[in-house]
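Here is a short report on one protein model and its ligand. Look through the structure before reading on.

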Amino acid sequence: MTAELPVPVYTSLGDAFPTQEITLKQAARFNEVAEQFIARFGQKPSYIARAPGRVNLIGEHIDYALFGVFPTAIEQDILIACAPHDPSRPHSRDPGHVNAHNIHPKYAPQSFTPMLRRRRESIAQQEKQAKDEADDVHLESDWHLEIDTRELRWESYVKAGYYGVLNNYFTAASSGHPQPVDLLVTGTVPPGSGVSSSAAMVVASTLAFLAVNEKLEEGSETVTKGRLVSMAVQNENRVGVNSGGMDQAASILGTANSALYISFYPSLAAELVTLPTTISGSLEEEAVFVVANSLVVSDKVVGAKTRYNLRVVETLLAARLLATHLGLPPSFFTSCVTPNRPTLREVVGAFLRVRYPDTVEPIPEQRLESGLELLVDVIESLRGDVVRGALGLESAGVPEGESGLKLEEIIKATGMDEKTFREVYLSWVDVEATYFQIYKRARHIVTEALRVLEFRDVCLSASRTASSPSEDDSPSNLTSLQALGTLMNASQESCSRMFECSCPELDLLTKICLHSGALGSRLTGAGWGGCTVSLVPASQVDSFIQAVKEKYPGYQGLDEAKLNEAIFATRPGSGAFVYKLT
Ligand code: NG1
Ligand code: MG
């Protein structure tokens with residue numbers, strides 16, 4: 001049963017995060033979490049924060065290269081009920097102490113207290129600190145919470161959300177103490193499945209701690225959606241994955257019935273895009289996206305995290321090599337968001353400025369498309385054999401067809417000394433690799449960024465045609481859906497062969513989906529397991545789901561409830577929110 005609640009409508013990133021009042025009786029799931037909260041903590045919750053998971057329709061592994069992506073929020077979500085501790089209970093006097101429970105019995109209750117500590121980042125700072133102490137100057141301090149990034153623990157995501165609230169709102173002496181808090185988590189987003197249970201947890205946690213500490217609206221200061229996205233992205237990075245901002249942005253900015261074109265450069269922006277409908281007979285029907293879980297868990301803490309972080313590094317190295325190949329000046333490198341570590345999006349911008357001096361940020365999508373098209377060929381210069389040839393290095397011992405570069409080769413190619421190279425590219429992340437696949441990753445990113453822009457173009461021109469139909473105008477809507485499907489299939493192919501983030505089960509499942517009536521099918525999220533997303537005309541959704549349930553080997557022997565959790569149709573849903581209980 002789904003809660004019938006007022007759906008807030010947002011239009012711009014500058015909107016504040018107002019709180020909304022509901023009564024305990026308003027919705028079944030909200031009631032359940034509220035009642036369980038009362039049973040566990042002997043008081044009613046003050047707030048319930050809600051954050052949805054997301055499905056990415058297209059644009060995989062390009063958010064951290066700062067290219068635009070195309071997700072929608074889904075209905076499945078995380079709820080966190082919370083209230084300040086009852087003052088008569090143990091620990092209620094420890095600033096910021098948390099009792100965290102989870103309705104799912106698999107996740108044991110946890111309690112933790114954050115520690116306030118002084119910043120000691122370098123010897124120079126410590127010396128300065130000693131001097132400041134002597135001079136009685138106000139010192140900066142920060143909050144610390146132990147997060148074990150080597151092990152998958154549910155409460156890590158709660159702590160990650162809390163971290164940002166503590167460090168953004170409680171470091172000045174004037175800000176008072178954080179509240180001791182009771183909280184209860186429940187969720188319907190399947191974990192480790194590429195639909196962002198992690199971001200839903202972090203966003204819900206960030207919102208819950210903001211609300212319970214009365215920080216959502218403080219005097220004239222309100223937390224905007226844009227601010228919440230950047231806090232949630234930083235917070236999630238504390239769990240040890242150097243992700244881009246797609247998931248948190250989708251969970252926060254999601255809007256019912258619209259997909260989101262989210263761009264990150266030069267700053268976060270979200271455009272609501274209507275998905276085309278299709279005309280079948282005299283009926284107008286929607287395009288439906290069906291999520292199907294491969295049931296291979298991609299936990300992002302052990303295997304997938306290392307692979308994910310390696311992709312981030314390879315992608316950054318590709319950007320540097322490409323910038324060097326294009327002859328971009330030293331001033332370009334120093335002016336990047338992270339100085340001396342350009343992203344591919346920044347390289348494309350600089351390349352366009354050289355080619356068309358009138359180019360200014362934000363670069364219009366059409367021009368960005370033309371720049372990416374030109375770069376598709378230039379990327380060939382990043383092949384292992386080409387780079388080795390240019391550096392006069394021997395290829396002896398390199399397996400045939402290997403297009404990657406060994407560590408010593410890539411260091412040489414960057415022209416950096418080893419110490420600097422390690423500092424800039426390896427010191428902030430756990431990465432192990434025999435070959436760095438610069439060419440393949442760059443090829444995926446450039447073509448995937450192009451596919452996102454084409455996907456957006458198809459949607460925009462379909463809605464233009466729908467609002468002013470003319471006989472022999474642009475393609476029919478079915479052709480639009482087929483065009484979207486073709487782009488999704490090309491994305492899957494590129495994820496599988498160039499980015500190598502698919503797996504045999506995902507490859508098989510997407511094929512089964514195509515044979516069962518999908519117009520397009522691809523992995524969604526980080527990959528290496530988790531879910532696929534398929535584009536299916538609405539009238540065929542039931543037969544499609546039935547066929548996939550019968551054909552995918554991983555679904556054999558599952559009961560109906562498990563099957564319905566594994567494969568389900570989604571519509572773009574609304575984003576995160578906080579409900580205040582009265
Ligand atoms: P998932 O699969 O939801 O963990 C990850 C990243 C995204 C993005 C995608 C690949 C996190 C939190 N999110 O998503 O930023 O890079 O992979 O497109 O790691
Ligand atoms: Mg995740």
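Predicted model: local features only at pLDDT ≥ 70, side-chain atom pairs only at ≥ 80, totals over all residues.

Residues are numbered from 1 along each chain as its sequence is written, while chains are lettered from A and ligands numbered from 1 in the order written.

**Elements.** Helices (H or I, at least four residues) and strands (E, at least two) are DSSP runs, numbered from the N terminus.

| Element | Residues |
|---|---|
| Helix 4 | 197-212 |
| Helix 6 | 246-253 |
| Helix 12 | 407-414 |
| Strand 15 | 520-523 |
| Strand 16 | 531-537 |

**Helix 12.** Glu409, Ile410 and Ala413 are its buried residues (20 or more other C-beta atoms, placed from the backbone, within 10 Å of the residue's own). They sit on the same side of helix 12, because they cover an arc of only 95° around the axis (the arc of directions from the helix axis to the C-beta atoms).

**Strands.** Gly520 and Arg522 point one way from strand 15, Ser521 and Leu523 the other; all are buried. Strand 15 pairs with strand 16 in the antiparallel sense over four bridges (pairing takes at least two DSSP bridges). Arg522 has Val533 as its bridge partner in strand 16.

**Ligand 1.** There are 18 residues around ligand 1, and Ser196, Ser243, Gly244, Gly525 and Ala526 come nearest (a residue is near if its C-beta atom, placed from the backbone, lies within 6 Å). Helix 4 and helix 6 are the elements giving two or more residues to this shell.

Key. Buried ≥ 20, exposed ≤ 12 C-beta atoms within 10 Å, placed from the backbone.
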